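Open the model in your viewer and keep the selection tool at hand. This tour goes from stop to stop and says what to select at each.

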Amino acid sequence: MNEEYTRLDRMRYTKNTTSSRLAILAIVFDVLFFISLYKSDVGNYYYTILIGASIIYNLVFLLATFLASEGVKNYQRSYSWLLLALGCGQIIRIFIYPVQAHQAVVSGAQVMGDGQFIRMIIYLALSAVCLIASGVINWQKSKALTAHIASLEAANA
């Protein structure tokens, strides 16, 4: 019981680095996805409004994930929802460009080969797993810290 109390009390003075680092790792996997997708140039396949929307979404994703990585350092529970939503967004992204480009053929050539397709799915899946884990860990830790602080206030009242 004493170890648990010490661990919880220590959380008041330390940052939630686990959740923050997982969110940063998700950004790294997204950047690898970004590089893998945007270095491709097969005919005019990628010159559509969808690539513009993808670039804008990617910029918003990077900014929102970085913001969440800073927010979870202070055990702010609301950022858990943002991280979970961003993780779901990464899963949805698998079915947009990677799947569509892997099935497309331009001038007799496949737009995205099997190797690039698998690599891109792995990057997005790892990014999603990191985001979801970060959100869940932050939710649990912030809930425990809130309960601990409430018990301290009740004991002092």
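The stops below cover a core, a surface patch and some aromatic rings.

Before you start, note that this is a predicted model: local features need pLDDT of at least 70, side-chain atom pairs count only at pLDDT 80 or more, and totals for chains, interfaces and linings use all residues. Residues are numbered from 1 along each chain as its sequence is written, and side-chain values use heavy atoms, with hydrogens and water left out.

**Stop 1: the core**

Select L37, Y45, Y46, V111 and M112. Of the 29 residues in the largest nonpolar core, these touch the most other members. Such a core is a set of buried Ala, Val, Leu, Ile, Met, Phe, Trp, Tyr and Cys residues joined through side-chain atoms within 4.5 Å. Buried means under 20% relative accessible area, exposed over 50%, and partly exposed in between (1.4 Å probe, protein chains only).

Now colour the helices (DSSP runs of H or I, at least four residues, numbered from the N terminus). Helix 2, helix 3, helix 4, helix 5 (97–103) and helix 6 each supply at least two residues of this core. Which helix gives the most to this core? Helix 6 does, with 6 residues.

**Stop 2: the surface patch**

Select I24, L25, V28, V31, L32, I35 and F66. Together they form a nonpolar patch on the surface, with about 540 Å² of accessible area. Patches like this join nonpolar side chains (Val, Leu, Ile, Met, Phe, Trp, Tyr) within 5 Å, from residues with over 30% relative accessible area and no salt bridge. A salt bridge is a side-chain nitrogen of Lys or Arg within 4 Å of a carboxyl oxygen of Asp or Glu. Areas come from the Shrake-Rupley method with a 1.4 Å probe; for residues, only the protein chains shown count as cover.

Helix 2 (residues 17–38) brings the largest share of the patch, 6 residues. F66 sits in helix 3 (residues 49–71). F66 is partly exposed, at 44% relative accessible area.

**Stop 3: the rings**

Select W81 and W139. They form an edge-to-face aromatic pair, 5.4 Å centre to centre, with 70 degrees between the planes. Rings of Phe, Tyr and Trp (its six-membered ring) pair if their centres lie within 6.5 Å; planes under 30 degrees apart count as stacked, over 60 as edge-to-face and the rest as tilted. W81 is in helix 4 (residues 78–94) and W139 in helix 6 (residues 114–156), 58 residues apart. W81 is exposed, at 55%, while W139 is partly exposed, at 30%.

How values were computed:
Patches are made of residues with over 30% relative accessible area and no salt bridge: like charges are joined within 9 Å, nonpolar side chains (Val, Leu, Ile, Met, Phe, Trp, Tyr) within 5 Å.
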